[in-house]
Amino acid sequence: MIKRVLFIASGNSEIYDINPIIKRQADSLRRLKIEVDIFLVTGKGIYGYLSNLRRLHSKIKTNKYDLVHAHYAFNGLLFLLTGHRSPLVVSFMGSDTYGDYDENGRRVLKSYINVLIAKAIQPFIHQIIVKSKNLSDYIYRQSVCHIIPNGVDLSAFKPSDKKNAKKNLGLDDEKIIILFLGDPTNKRKNITLLQSALKNVTGPVKLLAPFPVSPKKVSEYYNAADLFVLSSFDEGSPNTIKEAMACNLPIVATPVGDVEWLLDSVEGTFISKFDVDEFSDCITRAIKYVSGYQSSGGRQRLVDLGLSADQTALKIKSVYEKAIDSYN
């Protein structure tokens, strides 16, 4: 029986103490009566990571955990370096499998260090979680690999009155608000494609790229927007797509990660290649959809796929049980 689990996750964000996706995952596991402690890794670079070793070693030594769940390959490596023995689950997050990109969509050479570490630690992991099929292609230990997209807290992300949301954020209700939630400086997020495509779109359109956004405000931004856009070169299972779906927001996206699977048969959603003209055409078509229908059926699609936070927690618990069995 699983009673207590240690999460190891990054604590370097300037926006929040704990990544809200990881926090929600911990909360969903707690609803299953599993106690979850979270160890936050602070500092960047090799020295920054290694400076956490003594603190992590002490945390594990003074507490009894049934299992350790590291989020990101480097955090799995950090646990292994403590020398402790315990069932280990690692969630590979994306860039630790496929690397990083430049503005032309080419992998950056130095990001292959992430990829090599992800491969090097796999023999020492008892079970592996990835978010999408394309990420599982980087895992050679397929027998212990599980594809489990992050679930969505449907109580936190849900449709609300658009006019009120726009008013609360000080947005013009007469304009079509196109929402982009990636970091505009992150080349992998490819905001250049979106910006170029918008030059071909006519009408009262406003691009909203409010990065960084407080977790408490994210849902309001989705509900204030008329259209959500993702233009990335690569992704796993984008949380922003699923959150936008939960708010029944029309979507235009590139065919990365599991986006095509997520949006399959959802009205008001459009998949575009990495082509400016096609991307602008999809945006134009989405705007026409917005003017006639206002919302999509994305929320029901999430329910049908079993991607609520609580449904996902049950799948993760099953992986934990497998990890403990293989460790013993």
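This is a predicted model: local features need pLDDT of at least 70, side-chain atom pairs count only at pLDDT 80 or more; totals for chains, interfaces and linings use all residues.

Trainee: Is Asn-75 buried or exposed, and what is its relative accessible area?

Mentor: Asn-75 lies in helix α4, and, not counting residues up to four places away in sequence, Asn-75 touches Ile-8, Ala-9, Ser-10, Val-41, Tyr-49 and Ala-70. One of these contacts, Val-41, is 34 residues from Asn-75 in sequence, with the two C-alpha atoms 7.7 Å apart in space. Asn-75 is buried, and its relative accessible area is 1%.

Trainee: How are α3 and α4 oriented to each other?

Mentor: Two packed helices are described by the angle between their axes and the distance between the axes. Helix α3 (residues 53–61) packs against helix α4 (residues 73–81) with the axes 9 Å apart and at an angle of about 70°. Since angles of 65 to 115 degrees count as roughly perpendicular, α3 and α4 are therefore roughly perpendicular to each other.

Trainee: What is the handedness of the crossing of α3 and α4, which residues make the contact, and how many of them are nonpolar?

Mentor: The crossing of α3 and α4 is right-handed. The contact is made by Leu-53, Leu-56 and Ile-60 on the α3 side, and by Leu-78, Phe-79 and Leu-81 on the α4 side. By class, the contact of α3 with α4 has no charged and no polar residues, and the number of nonpolar residues is six.

Trainee: How are α4 and α6 oriented to each other?

Mentor: The axes of α4 and helix α6 (residues 112–120) come within 9 Å and cross at roughly 50°. α4 passes α6 in a left-handed crossing. As for the orientation, α4 and α6 are therefore oblique to each other.

Trainee: Which residues meet in the contact of α4 with α6, and how many residues of that contact are polar?

Mentor: On the α4 side, Ala-73, Phe-74 and Leu-77 meet Asn-114, Ile-117 and Ala-118 of α6. The residues of the contact of α4 with α6 include five nonpolar and no charged ones, and the number of polar residues is one.

Trainee: Turning to backbone geometry, what is the phi of Tyr-72, and where does Tyr-72 lie?

Mentor: Tyr-72 lies in the loop between β3 (67–71) and α4, and at 17% relative accessibility Tyr-72 counts as buried. Although Tyr-72 is not a glycine, its phi is positive, at about 100°.

Trainee: What is the phi of Asn-190?

Mentor: The place of Asn-190 is in the loop between β7 and α9 (191–198), and with a relative accessibility of 7% Asn-190 counts as buried. Asn-190 is not a glycine either, yet has a positive phi of about 55°.

Trainee: Which residue is joined to Pro-212 by a cis peptide bond, and what is omega there?

Mentor: Pro-212 lies in the loop between β8 (205–208) and α10 (218–224). The cis peptide bond joins Pro-212 to Phe-211, and omega is about -5°.

Trainee: Which residues does Leu-169 touch beyond those up to four places away in sequence, and what separates the C-alpha atoms of Leu-169 and Tyr-221?

Mentor: Leu-169 is found in the loop between α8 (162–168) and β7 (176–179). Apart from residues up to four places away in sequence, Leu-169 touches Lys-217, Glu-220, Tyr-221 and Ala-224. Leu-169 and Tyr-221 are 52 residues apart along the chain, and their C-alpha atoms are separated by 7.8 Å.

Trainee: Finally, what is the radius of gyration of the protein?

Mentor: The secondary structure of the protein comes to 15 helices and 11 strands. The globule rule gives 20 Å for 328 residues, and the protein is close to that value, so it is as compact as a globular protein of that length, with a radius of gyration of 20 Å.

Definitions and conventions:
Residues are numbered from 1 along each chain as its sequence is written. Side-chain values use heavy atoms; hydrogens and water are left out. Axes are lines fitted to C-alpha atoms, for helices over the stretch in contact, and angles run from 0 to 180 degrees between N-to-C directions. Helices (H or I, at least four residues) and strands (E, at least two) are DSSP runs, numbered from the N terminus. Angles under 35 degrees count as roughly parallel, over 145 as roughly antiparallel, 65 to 115 as roughly perpendicular and the rest as oblique. A crossing is left-handed if the near helix is turned anticlockwise from the far one by less than a right angle, and right-handed if clockwise. Contact means heavy atoms within 4.5 Å. Ala, Val, Leu, Ile, Met, Phe, Trp, Tyr, Cys and Pro count as nonpolar, Asp, Glu, Lys and Arg as charged, and the others, Gly among them, as polar. The radius of gyration is taken over C-alpha atoms; the globule rule is 2.2 Å times the number of residues to the power 0.38. Buried means under 20% relative accessible area, exposed over 50%, partly exposed in between (1.4 Å probe, protein chains only).
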